[in-house]
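The tour below goes from one selection to the next.

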Amino acid sequence: MWFRRNEMCGFSWLHEGLIADADRPLTPNVSGYSVVRSLQCGSKNALRFDESTCLSLAMFRGVAQTAPPSHQQPSGESEDVPLPAKAVVLFRSPPTALRQVMSDATASAQIDANEVTADSLLEPAPQMLDAPLSKSDATQWIAVAVLVYLLICAVGLIGSGFKAATGDEAKEMFAFATNPFAGLVVGTVATALIQSSSTVTSIIVGLVAGGLPVSVAVPMVMGANIGTSITNTIVSLGHVREKKEFARAFSAATVHDFFNLLSVVIFLPLEIAFGLLEKIGKTLASFFVVEDASMGGLNFVKAMTAPVVGTAKHYALELGDGLGGGLLIIGGVVLIFITIHYVGKLLKKLMVGKAKEIMHAAIGKGPVSGIVSGTIVTVLVQSSSTTTSLMVPLAGSGAFGLKQIYPFTLGANIGTCITALLAATAVDGNANAALQIAFIHLTYNVLGVIVIYGIPFLRFTPVRAAEWLGVTAAENKLIALAYILGVFFVIPGICLGVSSII
Amino acid sequence: MTDIKKISTERIRCLIADTESTLRELEAELQRRETEAQDVEIDHLEEHMRGAELSLNSIKEFLTFLLGEYRSKH
């Protein structure tokens, strides 16, 4: 499993390899073997050798290999050193410690370089930061563009379907949600179940374009912010085995929850009393949508999606407004779900290098840099859940304090608004309202950061609450379970029940 | 430390200056180490992204741990 540098020249992302020392025999107890075994088992600890290591592991299909005949026990019996698969360990910068370990390997354990091809890799080769755009990258970018196009079409389908299904009775249909707490709960539970605020806000944009009143949609958007923080909270449960690590990870996750809850406590009453966000959203939308102007000539995005949306509408509505509209809504929701899921996956792969650069640049530069970096990373990967979930292991490792990852989390709230804005660009129906709700989403998140982070006595309230909860949950893990079930399901369910009775 | 009342004023000023300088150096070294540790974690971003993916395993592992704790206490 040790290779020579020149044999691996087919992989452009290899900067340096490790040259095996052919003179020393392989033994089953040598650290090199256990290193490879633990790499194969996916042990994260095996990947941390020293500070300068940037380790890449490529596993490829191979046959179990026994130790060379030269390695014999004194009794004459050969000792098998079975290996489940061959492993190629490739480094960007060779770690000194591992070089010493690997030098115990024997030449006959080296991999035949011809066996290692791109097809035989079980995991894709990691991206080299300065490598030219490969064919695979170009294909993936095209796929992202297609998926984004389909996302916009899907929002158009929902808008058209909702309009057809409800006619002019959207207000009556959503009368139950005119109670803002009901709207808040619907947004929270829907997002907690779907695990994506981008999906829910895109659906809300489509529904608003189809006639859902903006005033009903605003609390739903606030609820989506709360619901999305369940994802990183569940991710933090994976750190349960080590108490201090769990306390840090759980705090890092719940700081997002507490921030969003505090944001609702501040802005929902303001919205109910003064319609603050609605007014701001309307003003911002008016800069982009001109009343009484022809949309066809100005909105090229809408023109591009018209063939797909128009065709789907044409065939669906042949079944009648109600059924056809319903099918369009369901189709649109499913399509949004699929596109956002795959766009997120693709962008994670494509943008991880850029995300690293941005985060490296933000270290030690203060909270504003953290917020901006969190925003940019979230826009790049198109998922606030990814960014906030990423903060969990970073904080769990102990390298980042809660006050350091907090600004990244706030930036994630802002960065995720891009999806709703994108969705609002090409809706069929009430484009003004769709853009208004998208801007309300953005305004709510930006104002939340400005007010809560800007006011000194409020700034670290979510941090203190999260720290307390993290320590408490680390002592009694049932509290963590109760917290998740309570905040995201039980309390919203009770509120929904009560509001439907009232 | 010897009785500080016996130390001359000049000596005290020197000691304070040395201490402040040492403190600054220690703070800088601490900051450097923390930044380095953070850089290492960010270098492993791909692994963290994989680890941060939501999976039923996290919930399963958590519930198994809870059950194990409950059984060991009772």
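Select A:Val334, which sits in helix H12 (residues 321-362) of chain A; helices here are DSSP runs of H or I with at least four residues, strands are E runs with at least two, and both are numbered from the N terminus. The model is predicted, so local features need pLDDT of at least 70 and side-chain atom pairs pLDDT 80 or more, while totals for chains, interfaces and linings use all residues. Residues are numbered from 1 along each chain as its sequence is written, chains are lettered from A and ligands numbered from 1 in the order in which they are written, and side-chain values use heavy atoms, leaving out hydrogens and water.

A:Val334 has a relative accessible area of 44% and is therefore partly exposed (buried is under 20%, exposed over 50%, partly exposed in between, with a 1.4 Å probe and protein chains only).

Next, show chain B. In contact (heavy atoms within 4.5 Å) are 35 residues of chain A and 27 of chain B. The area buried between the two chains is about 3300 Å², 67% of it from carbon and sulfur atoms; this is the accessible area (1.4 Å probe) lost on putting the two parts together, summed over both.

Zoom to A:Lys477 and B:Glu69, a salt bridge whose closest N and O atoms are 3.9 Å apart. The rule (a side-chain nitrogen of Lys or Arg within 4 Å of a carboxyl oxygen of Asp or Glu) finds 2 salt bridges across this interface. On the chain A side, helices H7 (214-236), H12, H14 (384-396) and H20 (477-501) each give two or more residues. H12(A) supplies the largest share, 6 residues.

Finally, go to A:Thr416, in the loop between helix H15 (402-415) and helix H16 (417-423) of chain A. Is A:Thr416 buried or exposed? Its relative accessibility is 3%, so A:Thr416 counts as buried. Leaving out residues up to four places away in sequence, A:Thr416 touches A:Ser197, A:Ser198, A:Thr378, A:Ser384 and A:His441.
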